[in-house]
Amino acid sequence: MSNGPGAPHGASAERQFSYPVQAALRRLAVPLLFAQDTATIVDVEIRKLRHDPVELLTRAVQPVLWLLVFGKVIAHARAIPTGDLPYLDFLAPGILAQSTLFVAIFYGIAVIWERDLGVLNKFLVSPASRASLVLGKALSAGVRALAQAAIVYLIAAALGVNLAFAPAPLAGVVVALVLGAAVFATFSLIIACLVKTRERFMGIGQILTMPLFFASNAIYPIAIMPTALQWLAKANPLTYQTDILRTLMLQGGTSAFGLPLDFAVLTGTLLVLVAVAAHLYPRVVL
Amino acid sequence: METRGLTRRFGELLAVDHLDLSVPQGMVFGLLGRNGAGKTTTIKMLTTLLAPTEGTARIAGFDIGTQPARVRRLVGYVPQLLSADGALTALENLLVFARLYHIPRAQRRTRIDAALVSVGLQDAAHKLVRDFSGGMIRRLEIVQSMLHRPAVLFLDEPTIGLDPVARHGIWEQLRNLIAQEGTTLFLTTHDMEEADELCGQVAIMHRGTVVVHGTPEELKARLGPNANLDDVFVAYSAATEETEEGALRDVQRTRRTARRLG
């Protein structure tokens, strides 16, 4: 690992330049390095999933049950008014959004676990920016969400849901899933940075998941909710993610809020949350 | 590396109290002390994981408070806990850090391969780290923290929980590092034999301050002709009850590491 005695310290070849040139190079390199660091963290997650994909399958059980049991029962009872849309068609995008929420909302606990093992400390001592570490983690949740999507699509197709498979809507679904998962994973990281222990996190995670899920348009339309809950649902990013999925996953799907607004809400929320989480991230080691 | 009045409080607790240390380049410096004495907090401040409440430190000329990004490029860190990622292979563990330290792509594989060979892990490169022994994980972690050739390597109790053979293996590896790279080593340990074997200078920390420092030989000579470093440690830090906050957490962490090592 050495070039012999007196080998230069530090990683980069840029030290042969004078300081102002070095500084200019470094400024130019910042966005590139940020992207590279983020991609490295996502790559770690992909490699782990490749080594041990069992978790992906066990996590798929819940959305499958929602579709097969809850969806079938409610569709049979015609208990929820969804207009011309069959209930299972209405539900499938909602359950996909829900499954990304459930994957992402417990991401914080992985960070507490990594902190306890010392892995996180080593990441924080590296030159990678805090924001890239946070965004990398957030996008990793998106990778898991995509795996969930494959399973939900399979089950939904088997149940006769009128799915759209054209490339453009599929690409939109991928972006919406990654954005939605990243939003909730970052939210989860923020909570982890504040509560710091697994036990407290589990309690808070449970408290947050249910309101986020039920105060949204995932399993019933907002129109049937009491006014106060409607406001809550409209402040919930899950609603906008579900709206995108309902528009793009189904043949002839229509958006309640308009896709530009949906994507803007998710992107804006993600940027704010990443900024907050990057600020709080180092506190998790205390 | 130099600290000036380095201080860290946690609420009422003064974990590190106006620490003044100076470690010349290429030195192996051992920070000794009981659980809760402030050793790990000191390392966390020097590696920019924790901001000092007061005072400052400079590493290779860069200030930990105002130039943390520069400092991070110049230091390596091996935490007390076994922190290689068990869900990745040895090669992947190294690759991740080669990328995070922005080692140019053309050099990554050469450095990683050389690192694996230097600690005899080349045949285990593609095995998951969770199947490694404690000694193998530590060896991997040390080369992982050295991939970017840091000027200062911080090791928090590098051989805790290891069997004697593995422990001597790690010492050998650290000696090679010093000989080949001229790296400054800053380590904490409870193992006085380790301090005696490796360190050119030691300091004993008690309740956040350094109570004595010097070469191991000087410190032993102060207590008499037959004294060893254990005697020095007891003489300077055992006089009080274990009342420091954080002591329980330290013991729990140590046990957790020992459990992982099996």
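This is a predicted model: local features need pLDDT of at least 70, side-chain atom pairs count only at pLDDT 80 or more; totals for chains, interfaces and linings use all residues.
Student: Let's start with chain A. How many helices and strands are there?
Tutor: Chain A has 12 helices and zero strands, and its pattern along the sequence is accordingly written as α-α-α-α-α-α-α-α-α-α-α-α.

Student: What does the C-alpha trace of chain A span along its principal axes?
Tutor: The trace spans about 80 × 40 × 40 Å, and of the 286 residues in chain A, 41% count as buried.

Student: Switching to chain B, what is the strand order in the open sheet?
Tutor: The four strands are arranged in the order E2-E1-E4-E5, and the pairing is antiparallel. Strand E2 (13-22) and strand E5 (62-63) of chain B form the edges, each pairing on one side only.

Student: Over how many bridges do E4 and E5 of chain B pair?
Tutor: Strand E4 of chain B, which covers residues 54-59, pairs with E5(B) over two bridges in the antiparallel sense; within E5(B), B:Asp63 is the bridge partner of B:Arg58.

Student: Which strands does helix H1 of chain B lie across?
Tutor: Helix H1 of chain B, made up of residues 39-46, lies across strand E1 (2-10), E2 and E4 of chain B, and the helix runs at about 65 degrees to E2(B).

Conventions. Residues are numbered from 1 along each chain as its sequence is written. Chains are lettered from A and ligands numbered from 1 in the order in which they are written. Two strands pair if DSSP finds at least two bridges between them. Two residues are in contact if their C-beta atoms, placed from the backbone, lie within 7 Å. Axes are lines fitted to C-alpha atoms, for helices over the stretch in contact, and angles run from 0 to 180 degrees between N-to-C directions. A residue is buried if 20 or more other C-beta atoms lie within 10 Å of its own, exposed if 12 or fewer, and partly exposed in between; C-beta atoms are placed from the backbone.
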